[in-house]
Amino acid sequence: LDKTHSFHHKNKKLWREDFWLPAGTHWEDIETDDDEGRFPLPRDLIYTLPLAFAFIAFRYVFERLIAVPLSKYLGVKDRVRILAPSIPKLEAFYKQNRRLPSQTEVLSLVKQCGLSQRKIHAWFRYRRNQDRPSNTKKFCEASWRFVFYTVAFTAGIGSLINTPWFWDHRECWTGYPKQPVAESHYWYYILELTFYLSLLLCVSVDIKRKDFKEQVIHHIATIFLIGFSYCGNYVRVGTLVMLVHDSSDFLLESAKMFHYAGWRRTCDTLFVIFSVVFLVTRLVVFPGRVIYTTLVVSLEFFEPFNGYYFFNALLFVLQALHIFWAYLILRMVYKFVFMGKVERDERSDEESEVDEEEDDELEGDGDESNWEQRKGSINSKLASLANNCVLNNLTNQRNINSRLPKAR
């Protein structure tokens, strides 16, 4: 208790009681005895940084010893990509800009390298394809997240199922802020914060997806939310927030794994289940129960204070991201219903780098002889396609006595 009092006393400006605690409450008032349970201390969170690096090391071992063999067993196949030829000036431009050159820059590179514009464009498309992540890499990343979310959700359910606030959210505020924290809930917090710290540390090397910026905002908001709720002893509400998020995330990652493995029906089934769980938990349960509890029910136990507004602001940031992702998921549901299958993961699995078809297009971007060969191949495929169309039309009309129009 003396250490706790000394810690808050030395950092008076940071731990102002009027910001962190309801009016009339002091840090000394909420310090618990050892036999009552653990009291949240800010210094507990310091351990999450070295643990985050340990998570990264464990992930590295997991992906190579477990995820890669599993990907081969499930039939994950990587696309063979043609390497761009070594051209130092183009390579220097690419590493510096990480994008396709503008027309003015292309003309400048033509003069510097002595190549045609077609070959300059072709080289950059080859080079960008070369940097695209393989299906195996994407499978490994999804499998690591699947394992963590599954373990976290299972542990969360196990530690919360018998708590009074799991069933009655008013219990989140009974006795607040003097609420001892169970050992299981302490470790639930530490592991969740460690995991999101590790994701933020790896954001530069992980696969960049369509919602990259939203993912970074989500990780930062989550880290602030977990850290702030622990220091302010909003642990009961915090455990519910984490459980709601973990309930659908492991389904998404499992759907990705089977998508990369080419198990289309399994992927589609898991996607439908994930969509239902996500929409219910993020658009109904989270705002209707969790945010309502923190925003409205809590006022029955204390007057609004700075920490109350900050905590709810972080929850609203998460809810805004939920609405954005729900929009992407509903687009996928629309495609699934009207097209019969999931083309790609609209929520976060569409890379922003290049289109999948670019490799095929690049095969025709070489010299003129290659272009002629490519053109002949295209003409052959078009002729085959036209024949198939005619056969289909004839089949569909075979029971009709009238003759086909001459144009058909």
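Is the crossing of α4 and α6 left-handed or right-handed? I looked it up, and α4 and α6 cross in the right-handed sense. The rule I used: left-handed if the near helix is turned anticlockwise from the far one by less than a right angle, right-handed if clockwise.

Ground rules before going on. I am working on a predicted model, where local features need pLDDT of at least 70 and side-chain atom pairs count only at pLDDT 80 or more, while totals for chains, interfaces and linings use all residues. Numbering runs from 1 along each chain as its sequence is written, and side-chain values use heavy atoms, with hydrogens and water left out.

**Entry: α4 with α6**

I took helices from DSSP runs (H or I, at least four residues; strands are E, at least two), numbered from the N terminus. Helix α4 covers residues 88-97 and helix α6 covers residues 117-130; their axes come within 11 Å and cross at roughly 55°. For the axes I have lines fitted to C-alpha atoms, for helices over the stretch in contact, with angles from 0 to 180 degrees between N-to-C directions. That makes α4 and α6 oblique to each other.

On the α4 side I listed Leu90, Glu91, Phe93, Tyr94 and Lys95, which meet Ile120, Trp123, Phe124, Arg127 and Arg128 in α6. Contact here means heavy atoms within 4.5 Å. By class, the contact of α4 with α6 has six nonpolar, no polar and four charged residues. Classes: Ala, Val, Leu, Ile, Met, Phe, Trp, Tyr, Cys and Pro are nonpolar, Asp, Glu, Lys and Arg are charged, and the others, Gly among them, are polar.

**Entry: α5 with α6**

Helix α5 (residues 103-113) packs on α6 at about 110°, axes 9 Å apart. I filed α5 and α6 as roughly perpendicular to each other. Gln103, Val106, Leu107, Leu109 and Val110 of α5 make the contact with Gln117, Ile120, His121 and Phe124 of α6. The class count for α5 with α6 is six nonpolar, three polar and no charged residues.

Where does glutamine 179 sit? I found glutamine 179 in the loop between α8 (164-167) and α9 (183-201). It is buried at 3% relative accessible area (buried is under 20%, exposed over 50%, partly exposed in between, 1.4 Å probe, protein chains only). The side chain of glutamine 179 reaches the backbone oxygen of cysteine 172 at 3.0 Å, and one of its polar atoms lies 3.0 Å from the backbone oxygen of threonine 174. Leaving aside neighbours within four places in sequence, the contacts of glutamine 179 include Trp173, Asn233 and Arg236.

I noted a positive phi of about 60° for asparagine 233, although it is not a glycine.

**Entry: Arg282**

Is arginine 282 buried or exposed? At 1% relative accessibility, arginine 282 counts as buried. I placed it in helix α12 (residues 264-295). The side chain of arginine 282 makes a polar contact with that of aspartate 249 at 3.1 Å. Polar contact means a pair of N or O atoms within 3.5 Å; within protein, one must be able to donate a hydrogen and the other to accept it, and residues adjacent in sequence count only if both atoms are side-chain atoms. Arginine 282 and serine 248 are 34 residues apart in sequence and 9.1 Å apart in space, C-alpha to C-alpha.

Conventions. Angles under 35 degrees count as roughly parallel, over 145 as roughly antiparallel, 65 to 115 as roughly perpendicular and the rest as oblique.
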